[in-house]
Amino acid sequence: MLVRLAYDGAAFFGWAIQPGMKTVQGDLEEALSMIVRRPIRTVVAGRTDAGVHARGQVVHFDLTPAENAALNRGKDITAEYALTRRLNGILKRSSSGAVVIHESRKAPRGFDARFSALWRRYSYRIADSTVDLDPLARHYTHNVGTELDVDLLNHEAQSVLGHHDFLSFCKPRERATTLRTLQDFRFVRGSDGYLTVHLQADAFCHNMVRTLIGTTLMVGEGKEPVGWLAHRLEAQVRDSKTKLAPPHPLVLEQVQYPVDEELEARANQTRAKRAPLGNVEA
């Protein structure tokens, strides 16, 4: 089964199950277990850190034919619609509406939420000194006390586009590659004066999105010279000179997959390149 969901990360200690902690995976799997009456383990497109949100998260999990047939409890509705409705009912109570299921459907043959993905896209919201701060937006906006030059920020961002070893911008996992293809990284000032950062890659290493943003802002705030991102990329070292941006403005916006006929081939290709792999997350 394939499920698309959104969540407010402020209500959780990240995606992944942690003992004694409230997590998105924990709430979702508990809801699924209540419906199916056995433990269910999910596979997610990209694990998110504590405080990070999602509008376009994707998971998959396996049900038996009998379990799938019983989802609608004999009502004249599809199993997929029944699952979505029942999950939302449970999650509304357990997470106070912080998790919403947008779609449930039978997964195509060969689909893997993690390994079949072509790319992940994130956004990040920033307010600099040129805008009047909105206190109602403080929970999903990073406030920077200086004026930011968008052209300068984009010059830095463009210097790390492409296929590279992003070790300097990742928290590496044991035996996991840090090779990634960064397809989009840009800062856009909206009509309201706020900046939105757009990032897209085939996959992201642990902390990669927040580190790229935080390190770019070091240049934008005048703390490091122009060319700092390219210098850090070439250095191939993770140290205290690399800054991690706060998590609360970060949103997983979308995960893109190939056409159904190419899902299995894509999953096999990705496993061969990256397994064993740690978190695919920000």
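Two strands are taken to pair if DSSP finds at least two bridges between them. Helices (H or I, at least four residues) and strands (E, at least two) are DSSP runs, numbered from the N terminus. The structure is a predicted model, in which local features need pLDDT of at least 70 and side-chain atom pairs count only at pLDDT 80 or more, whereas totals for chains, interfaces and linings use all residues. Residues are numbered from 1 along each chain as its sequence is written, and side-chain values use heavy atoms, with hydrogens and water left out.

The domain assignment of the protein gives domain 1 (2-105) and domain 2 (119-255); such bounds come from an automatic or database domain assignment. The centres of domain 1 and domain 2, taken over C-alpha atoms, are separated by 29 Å. Across the boundary, 14 residues of domain 1 are in contact with 16 residues of domain 2, contact meaning heavy atoms within 4.5 Å. A record in UniProt, an unreviewed entry, places the feature "domain: Pseudouridine synthase I TruA alpha/beta" at residues 157-258. UniProt positions are given in the numbering used here, feature names are shortened, and annotations may be inferred rather than shown by experiment. Over residues 157-258 the chain is 23% helix and 28% strand, with its end C-alpha atoms 27 Å apart.

Strand pairing was examined next. Strand 1 (residues 2-7) pairs with strand 3 in the antiparallel sense over 5 bridges, and leucine 5 has glutamine 57 as its bridge partner in strand 3. Strand 1 also pairs with strand 4, again in the antiparallel sense, over 6 bridges; here the bridge partner of tyrosine 7 is valine 99. Buried denotes under 20% relative accessible area, exposed over 50%, and partly exposed in between (1.4 Å probe, protein chains only).

Strand 10 (residues 250-256) is likewise largely enclosed by the rest of the structure, because 5 of its 7 residues are buried. Strand 3 (residues 53-60) and strand 10 pair in the parallel sense over 2 bridges, and histidine 53 has valine 251 as its bridge partner in strand 10. Strand 5 (residues 119-127) runs antiparallel to strand 10 and is joined to it by 6 bridges. In strand 10, leucine 252 is the bridge partner of tyrosine 122.

The largest nonpolar core has 67 residues. A nonpolar core is a set of buried Ala, Val, Leu, Ile, Met, Phe, Trp, Tyr and Cys residues joined through side-chain atoms within 4.5 Å. The residues with the most contacts inside this core are Leu5, Ile126, Phe185, Phe187 and Ile213. Helix 1 gives the most to the core, with 6 residues. Domain 1 (2-105) and domain 2 (119-255) both give residues to the core, so it lies between them. Leaving aside its neighbours within four places in sequence, isoleucine 213 is in contact with Tyr124, Ile126, Phe185, Val197, Leu199 and Ala245.

Helix 3 comprises 16 residues (79-94). The expected span of a helix is 1.5 Å times one less than its number of residues; for helix 3 this gives 22 Å, which agrees with the 22 Å between its end C-alpha atoms. The buried residues of helix 3 are Ala79, Ala82, Leu83, Thr84, Arg86, Leu87, Ile90 and Leu91. Their cover includes helix 1 (24-36), helix 2 (65-69) and strand 4 (99-105). Threonine 84, within helix 3, has a relative accessible area of 14% and is therefore buried. Beyond its neighbours within four places in sequence, threonine 84 is in contact with Ile101, Glu103 and Ser104.

Positive phi values were found at several positions. Asparagine 207, which is not a glycine either, has a positive phi of about 70°. Asparagine 207 is located in the loop between strand 9 (195-201) and helix 5 (208-220), where it is buried, with a relative accessible area of 7%.
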